Amino acid sequence: MGGMEMRLRFILVANLALVFLASCSNLPGAGSTTSPGAINLSVAIKSPLQDAYTSSLVIQVVASVTGPGVKVDRVQVTYTGPQDGTVPLTPNGGTWQGMLPSTLPSGVYTLTPRAWAGSVEKPGGSVRFTLDRDPPNVSFVSVPTHLGQETIEVRARATDTLSGVAEVRLFAGANDLGAFVSLDNGDYTFDLSSSALRAGVVN
C-alpha cells in the first residue's frame, strides 16, 4: 500500500503542477502577442504617379500601421514590364524609398508595393507608369547657310517614341531664340530673322 500511495501522490502533484503552468500561461503579460486582427496595415505608392511619364528611377511608398506595439518592419516594390524585379525600400523622412536599377530600359512598367508589420503582410494598389530615359530624336530639315536682311524659315523634325515631343526650341550658341511652331506632318518651323543674331558665324 505504501508504494501505491506514493505513486498516487506523485501523479497528483504532477497534475497540479501542469494545471499551475497552464494557468500561468494565461496571465496578462506572460508571452502574449498582438492578434493579427488587431493590426491595421496600409501601403501605397507615392511616386511615380499613375500614368506618369518620367525619367526618374526613384520610388516612394507610404506605409502605416495601427495596433498595440507594432510597427512597419519591411516594405518592398515589385516591378513588371520590359524587365521584372523587386526593390527593397528603406525608411526616409516618413516615406519608404528605393531606386529602380540603373540598367532598366525605357518602357511601360507596373509597380506593386507590399508591407510587413509583425505577422501581417499587406499588398498595396498597383501603379502603371512610363519610364522614358531615351532623349528625343531631332534634326534639321532645312536651315539657311546665309542670312541677309530677310526672314528665313528654319525647319526641324523631332520624334519621341514613348513620351512624345512637348516643345522644340532654336538656339544660337547659348542664346535661346524661341520655340518652333508644330506642323501637322510632324515637322516644326521657325521664322528666323537676322535681327535675332549677331553678325558672323552662328552655330
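In β16, the bridge partner of S182 is Y188. The strands concerned, β15 and β16 (residues 187-193), run antiparallel and are joined by 2 bridges; two strands count as paired if DSSP finds at least two bridges between them. Strands are DSSP runs (E, at least two residues), numbered from the N terminus. The model is predicted: local features need pLDDT of at least 70, side-chain atom pairs count only at pLDDT 80 or more, and totals for chains, interfaces and linings use all residues. Residues are numbered from 1 along each chain as its sequence is written, and side-chain values use heavy atoms, with hydrogens and water left out.

**The sheet containing β15 and β16**

- An open sheet is formed by 4 strands in the order β11-β12-β16-β15, with antiparallel pairing.
- Its edge strands, each pairing on one side only, are β11 (137-142) and β15 (181-182).
- In general, strands of a sheet pair through backbone hydrogen bonds, either parallel or antiparallel.

- Strand β3 (residues 58-66) pairs with strand β7 (residues 95-99) in the antiparallel sense over 4 bridges.
- Within this pairing, V58 has M99 of β7 as its bridge partner.
- Strand β7 also runs antiparallel to strand β6 (residues 90-92), to which 3 bridges join it.
- Across from W96 in β7 stands P91.
- A hairpin is formed by β6 and β7, with 2 residues between them, and G93 in the turn has a positive phi of about 60°.

**Salt bridges**

- The structure holds 7 salt bridges, a salt bridge being a side-chain nitrogen of Lys or Arg within 4 Å of a carboxyl oxygen of Asp or Glu.
- One of them links the side chains of E121 and R114 at 3.0 Å, N to O.
- Residue E121 is partly exposed at 42% relative accessible area, and R114 is partly exposed at 29% (buried means under 20%, exposed over 50%, partly exposed in between, with a 1.4 Å probe and protein chains only).

**The network around R155**

- A network of salt bridges links E153, R155, R157 and D187.
- The closest N and O atoms of E153 and R155 are 3.1 Å apart in their salt bridge.
- Both residues are partly exposed, E153 at 37% relative accessible area and R155 at 26%.
- Residue R155 also forms a salt bridge with D187 (4.0 Å, N to O).
- Because D187 lies in strand β16 and R155 in strand β12 (residues 151-159), this pair ties together parts that are 32 residues apart in sequence.
- Residue D187 is buried, with a relative accessible area of 4%.
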